[in-house]
Structure formats: structure tokens, C-alpha cells
Amino acid sequence: MVITVTTLSAQEKPVQWDLTNCIDYALKNNIQIQKSKISLEQSAIDTKTAKAKLFPNLTGSVSQSYTNRPLLVNSGTANSYAGSYAINSSMLLFDGGKTSKNIEQQKLTEEASKYSVLESEKSIQMSILQSYLQVLYANESVKINKATLDVATYQQNRGKELFKAGSISKADLAQLESQTSSDNYQYVVSQNTLSTYKLQLKQLLELAVNEDMDIKIPELNSLDVLKPLSSLQSIYEKALSVMPQMKSSKLNVQIAGLETQKAKAGYLPKISLNASIGTSNGSGTGWSLSNQLKNGVNEGIGVSMSIPIFSNRENKSAVEKARLSEKTVQLELQNSEKALLKEIESVFQDALTAQSQYIAALEKEKALKTSYELVEQQFQLGMKNTLELLTEKNNLLAAQQSLIQSKYMSIMNSQLLNLYQDYPIEIK
């Protein structure tokens, strides 16, 4: 069975939930992923703002003033009015490349935000895979415990008949009754465990309280369990090139390098082009307002240069701190690589261990099943006592539980290794 990811709307929910539907629904509706996408949009806005610094700005200004000179009231000119109107513009011509480096830096930051979204998606896929397989494991455990309880009930009823016939003692019958009660308890525990795992999956999907989940249970066989694994080295090398957190860490190194270049630009002069156009009006000129505005028009253009001479060590400190930050980010990249290797090594070893345990458990379960059937037949003939029968039965139950545990551990870890390599989740 191959599981692929399709797209579901936020309102559309499947009638039956399989692994495909769970992952698809979570990718579209998970709150953390949505928050990461909002951060990406904010980063895109910051990139546009950085690019806009290359263009000239434009501002308008209007001022009106009124002046009262009470001592000149006899002259008839005690009050005067004045107004000015202007449009100003400036454009950065040169700042040592600080603006261009900032644009490049912001583009990388936006790209890193994209990988943050992918990292959140990868994380939720891994969590859902683990939770879904826990449900499958618990479901199979319920089946085993139910079958065990059915056998115990049959043996108890058979024991009652044997007791009436005088073939077994009251103590033997009590042991059979006690075993039935114990098996019933384990069956109830396994049902509660299944309900707990289903609840965890439901919470992971952030479904409402009143929403039920009908989880599809696929049939998995030994081919799914014993799927050959790629080498640890190839898995790690692939993960280094595709895992979102690694790409994001590498981008952070580039971003830190640009921050150092921006800091160095503080030593260079800054050149700007300035232009303005304006006019004014006032009282007491004898001209009409239109004539004043027309005759008062003035235009100006100029270039300004700011040359840093002494900045109280601000520029030098900025460069030194940027270089230290660059080293820190490089160390964080190395740490991320080592952390990823540690994760993959653990999952890889767990996968190998689970596969070998599954093979051993399969043989053990087969042998104990044969042994139990023989002991049960001998018990029916009075050749084995109750204790021997129950011992064989409990040994078989333990072997069956070990078998399904190693089975789902193997499948889970092999699928996790697929996700580390950015391969689709598939269970055949």
C-alpha cells in the first residue's frame, strides 16, 4: 500500500481517517504551521521594504503662521500672515553597499522563513506517523488480548466440565477462573490504551471535542517490517541536503556574513541626492495670493555627503560583534549537523534492532504457539496440569506482544528514515 499526500479543505473531513488523510489535514490546519506561514508573509513584506530604500522618497510640507505685534498697532501692521508650501525628495546614491547588502540579506531571511514552514510541516508529519502507528499497534494488541480472553473463557468453561467429571481439582478450576479474570483485565487495559492513542492522534489533528475519528487499519505484513534500509552514511548525506532545518542553518551563515559586510560599510561615506520645489505667501506685500504663489516659486537640487571621521568606536564595535555573530552561527550549523546525525543514528539503530527482534520474535511466537497447542491437547487428556497450561499460554501471549511491538517499531523507524530523506511515506 502506497500512501501519498493530497489536499483537503479545512471544512472537508474524511469519513475514515488513514495516514494520508491525517497528514494532509494536519498540513493544512495545524496552528503551528499556519503561524509559520504568517511569519513568512511578514518576512516577504520586510523584503519589499528593503527594496524600496533604493527609490527616492517624496514628502510634502505646508506651514502657516500668524504673528501679532501689539506695539505696532498704530502703524496698521500689527498682524501679519505667512505661508510656505514645498515638496521635497531625496535619493540615496551611495552608502558603501549597505542597502544592497540589506536587500540581499532580507531575501535570504525570507527564504529561511520558507524553510521554517517546511520544518514545521516535517515535524507534524513525523508526529502523526508515530501517533498513527501507535494506534495500529494498540489495535493489534486489543485483538491479541481479545483472542486470549476468548481462549481463557473457553478453558474456564471446559475446566468446569472437567471439574464436574472429577478430572481436575477445585484449585485447578480456581486457577482457570483467575486467569480469565486476569486476561479480561488486560483486554480492558488494551482497549483503554487504544482509546488513549486515538485521542492523542485526534488532539494532534486539533479536531473539535465532538468530532469522532474512524481510523482505517491497514493490513501490514513482513515485507513492510523487513524493508531493506539504505546505509547510514547515505541517509545522513541525503538528510543534510534536504532537511529544512539544515538549509535554514546554512542560510543563517550567509545572512551573518552579509551583516559583517553591512557593518564594514559604516566606514564609508554616504552620498544622497536632494531636490525640492516650493513657494510662499505673506501679508503686507500688496500682491494677490495667486501672484505671491506664482512669483514665490523656488526650486533646488543638491548633493550631500556624510563622511564618518570619528564615531566613538561604533563602527569598529559593530564590525567586531558581526564577526563574532558569524562565528556563532557557523558553530550553530555544526551543532545542527551533529544533532541531525545523532537523531538519524538513533532511528537507524532502532530500525535495525526492531527488524532483528521481529525475526527472532516471529520464530519464538511460532515455536511457543506449537508448544502451547501440544500442552493444551495434553491438558485435555489429563497429561498436563493447569499450571503448565497457563504458563505456556502466558509465554505465548508475551511472545505475541513482543512480535507486534517489534513489528511497529520497525515500520515506524523505517518510515521516519524516509522522511529524513524527504521520501514519501509508503507502507507496502
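Visitor: Which residues touch the most other members of the largest nonpolar core?
Guide: In this predicted model, Ile128, Leu201, Leu205 and Leu340 touch the most other members of that core, which has 54 residues.

Visitor: And which elements give two or more residues to this core?
Guide: Those elements are α1 (19-29), α3 (98-164), α4 (170-204), α6, α7, α9 (314-380) and α10 (386-420).

Visitor: Which of them provides the largest share?
Guide: Helix α3 does, with eleven residues of the core.

Visitor: Back to Leu340. What is Leu340 in contact with, leaving aside its neighbours within four places in sequence?
Guide: Leu340 is in contact with Tyr236, Ala239, Leu240, Met243, Gln245, Met246 and Tyr420.

Visitor: What about another core, apart from the largest one?
Guide: Another core lies apart from it and has twelve residues, among them Leu176, Val375, Leu389 and Leu390.

Visitor: Let us turn to α6 and α7. At what angle do they pack?
Guide: Helix α6, residues 232-242, and helix α7, residues 244-264, pack at an angle of about 55°, and their axes are 5 Å apart. Because of that angle, α6 is oblique to α7.

Visitor: Which residues make the contact?
Guide: On the α6 side they are Ala239, Leu240, Ser241 and Val242, while α7 contributes Pro244, Met246, Lys247 and Lys250. Two of these names have already come up: Ala239 and Met246 are also among the residues in contact with Leu340.

Visitor: How many residues of each class does the contact of α6 with α7 have?
Guide: The contact has five nonpolar residues, one polar residue and two charged residues.

Visitor: New topic: the strands. How many bridges join β1 to β2?
Guide: Twelve bridges join strand β1, residues 57-68, to strand β2, residues 79-94, and the two strands run antiparallel. As an example, Ser63 has Ser84 as its bridge partner in β2.

Visitor: And in which sense do β2 and β3 pair?
Guide: Strand β2 pairs with strand β3, residues 270-282, in the antiparallel sense, over twelve bridges. Here Ala82 has Gly282 as its bridge partner in β3.

Visitor: Is Ser36 buried or exposed?
Guide: Ser36 counts as buried, because its relative accessibility is 9% and the cut-off for buried is under 20%.

Visitor: What does Ser36 touch, not counting residues up to four places away in sequence?
Guide: Ser36 touches Ser116, Val117 and Ser120.

Notes: Residues are numbered from 1 along each chain as its sequence is written. This is a predicted model: local features need pLDDT of at least 70, side-chain atom pairs count only at pLDDT 80 or more; totals for chains, interfaces and linings use all residues. Side-chain values use heavy atoms; hydrogens and water are left out. Axes are lines fitted to C-alpha atoms, for helices over the stretch in contact, and angles run from 0 to 180 degrees between N-to-C directions. Helices (H or I, at least four residues) and strands (E, at least two) are DSSP runs, numbered from the N terminus. Angles under 35 degrees count as roughly parallel, over 145 as roughly antiparallel, 65 to 115 as roughly perpendicular and the rest as oblique. Contact means heavy atoms within 4.5 Å. Ala, Val, Leu, Ile, Met, Phe, Trp, Tyr, Cys and Pro count as nonpolar, Asp, Glu, Lys and Arg as charged, and the others, Gly among them, as polar. Two strands pair if DSSP finds at least two bridges between them. A nonpolar core is a set of buried Ala, Val, Leu, Ile, Met, Phe, Trp, Tyr and Cys residues joined through side-chain atoms within 4.5 Å. Buried means under 20% relative accessible area, exposed over 50%, partly exposed in between (1.4 Å probe, protein chains only).
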